[in-house]
Amino acid sequence: MAPILKLIAQRVALGLLLLFMVSVLIFIGTLILPGDVAQSILGQSATPEALANLRRDLGLNDPPVQRYFAWLGGVLQGDLGTALTSGQDIASVMWARLGNTLFLAFWAAAISVPLAIFLGLLAVRYRDRWPDKLISGVTLASISVPEFLIAYVLMFFIGVKLRWLNPTAIGFRPDADVFTKLEAIALPVAVLTLVVLAHMMRMTRAAILNVMQSAYIETAELKGLTLFSVIWRHAFPNSIAPVVNVVMLNLAYLVVGVVVIEVVFVYPGMGQYLVDHVSKRDVPVVQACGLVFAAVYIGLNLIADIVSIVSNPRLRHPK
Amino acid sequence: MIRNIPLAAMVGLMFTGLYFAMAILAPWIAPYGMAEIVGDVWEPSSPEHLLGTDNIGRDLLTRMIYGGRTTIFIATVATLISFCTGSILGFWAAVAGGWVDQLLSRFVDLVMSIPSLILALVILSVMPVTVPVLVVVMGVLDSTRVFRLSRAVAVDITVMDYVEAAKLRGEGYRWVIFREILPNALSPLVAEMGLRFIFMVLFISTLSFLGLGIQPPEADWGGIVKENADGINYGIGAALYPAVAIATLAISVNLVADWVLNRTTSLKGGR
């Protein structure tokens, strides 16, 4: 087998192992409660019968290991169980919502990634001049600001004061046409873009600066190549790996940002589903959502890993 | 000493000090009681109510002052927990090496492979949401970051001759960790502390905003945003005040942390 395929297979296997361990951790996370899960779900005033029923429904009478494998077996077959509060099948509800969340995240990524790379290059081009300083300043401000602040500021001024766009994503319905959907998510996408943009820009800047300072770039400049061909032939191929890494890390960050943003804009996605059911203490839904979020997060990191292997000959042919 | 502080750090120190002073002196400087209903719903600002009133007619300035107290208190305690567990375990992993190091490091890798907000939500779905539980959950989840840093710092220190000498002298782990490594690892850790503190402020605010942090009638900044969020749709900006407070606190702590980091890493500034 080609060494590169072997390397990738190893990474994927490691990722799967990690995902398996994460499922154990998520399962244990819902077990560590001192006392009785059923009691804490129903509250102090619950009748003994209700408690007994819930314990039976949750399978709390079985030992934890058996419950874990029953749960895992279901998950592997696409059966995530049923929600305690509504009795609905979690998988069918969640797939629809996951689609909505990915729709939102996709547009946020489609706008923020090219913009961040372009601005990062701009910062490198005008290093230590005002565009660069401005970018550093904005970055410092944006990592200090909670996502919901950006969301409410935009909602307040653009949605309510200026009335350019709908302040919430209420207009987002499954049967709406694409333009209505895009109009509904315009503000959330803008917020998510702002949340990841500055960070991505700064990391892109650092990655490219790192490459630009290496000796072979100096050689290329000294032998009289134009700036364009230096960047295209020498800097760009070497900065693919770090930049893809930056992008993937930020997309992973986007996955978490989405949770808060969906709640702010009342967007029917995974994040809102998770938060709703945490406050209702609906454990099966929370476990399922947690697992899916973790899987997406690990998957994006895995892609970053694989891209950096593929794009770097030194990693591709290890000694 | 004062003259050497750059302007940005000075401003940061001033605002940080102001917020901490407000947090400590809250009961004396707040004009009204924390949960006291003193006016109409969402009154605009007036001489009696400088920031106006909130969604059920409480004085917003009072809520903000008490809210800041809760936010800062929780963030501080969680940061301390995160630092104590993270750095001691990190040093221990570095000094002990072998299977202790492997076990701790792999476990930290595992926890860090899940976004901490998601893991916190999973845990809080079964735990009673009280202040001690919140502080411990936040502190423990965040200690993974401190673990990574302090292990990395300590691994470099453990190979130093004086640590070797202490080990040959027959000192135990406790001496090596607290007397040899800790004093030398302190400055990067202190700079990191500022960043962890900001992260905690954002974390507790986010949890409260999602309704899973501080429970009403107690206030914290994230909770005040949540309470007044409905006002946004009517053009009432009450929810923006706490959000701005979080941002200014975070930025000013960041400025201070940046300065500390530059001071400890630059050769000229040195101690």
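What share of the contacts in chain A with a separation of 6 or more is accounted for by residues 24 or more positions apart? The legends below start with that view.

**View 1. Contacts along and across chain A.** The answer is 69%: that is the part of the contacts with a separation of 6 or more that comes from residues 24 or more positions apart. Please keep in mind that this is a predicted model.

**View 2. The helices of chain A.** Here you can follow 13 helices, with zero strands among them. Reading along the sequence gives the pattern α-α-α-α-α-α-α-α-α-α-α-α-α. Of the 319 residues in chain A, 36% are buried.

**View 3. A close look at Leu187(A).** This residue sits in helix H8 of chain A, which spans residues 178-212. Is Leu187(A) buried or exposed? Leu187(A) counts as buried because 24 C-beta neighbours fall inside 10 Å, and the cut-off for a buried residue is 20 or more. Asn166(A) also belongs in this view: its C-alpha atom is 7.9 Å from that of Leu187(A), and the two residues are 21 residues apart along the chain.

**View 4. Where chain B touches chain A.** The contact draws on 42 residues from chain A and 36 residues from chain B. On the chain B side, the elements giving two or more residues are helix H5 (116-124), helix H8 (173-209) and helix H10 (240-265). Sorted by class, this side of chain B has 27 nonpolar and nine polar residues, with no charged residues.

Technical notes. Residues are numbered from 1 along each chain as its sequence is written. Chains are lettered from A and ligands numbered from 1 in the order in which they are written. This is a predicted model: local features need pLDDT of at least 70, side-chain atom pairs count only at pLDDT 80 or more; totals for chains, interfaces and linings use all residues. Helices (H or I, at least four residues) and strands (E, at least two) are DSSP runs, numbered from the N terminus. A residue is buried if 20 or more other C-beta atoms lie within 10 Å of its own, exposed if 12 or fewer, and partly exposed in between; C-beta atoms are placed from the backbone. Two residues are in contact if their C-beta atoms, placed from the backbone, lie within 7 Å. Ala, Val, Leu, Ile, Met, Phe, Trp, Tyr, Cys and Pro count as nonpolar, Asp, Glu, Lys and Arg as charged, and the others, Gly among them, as polar.
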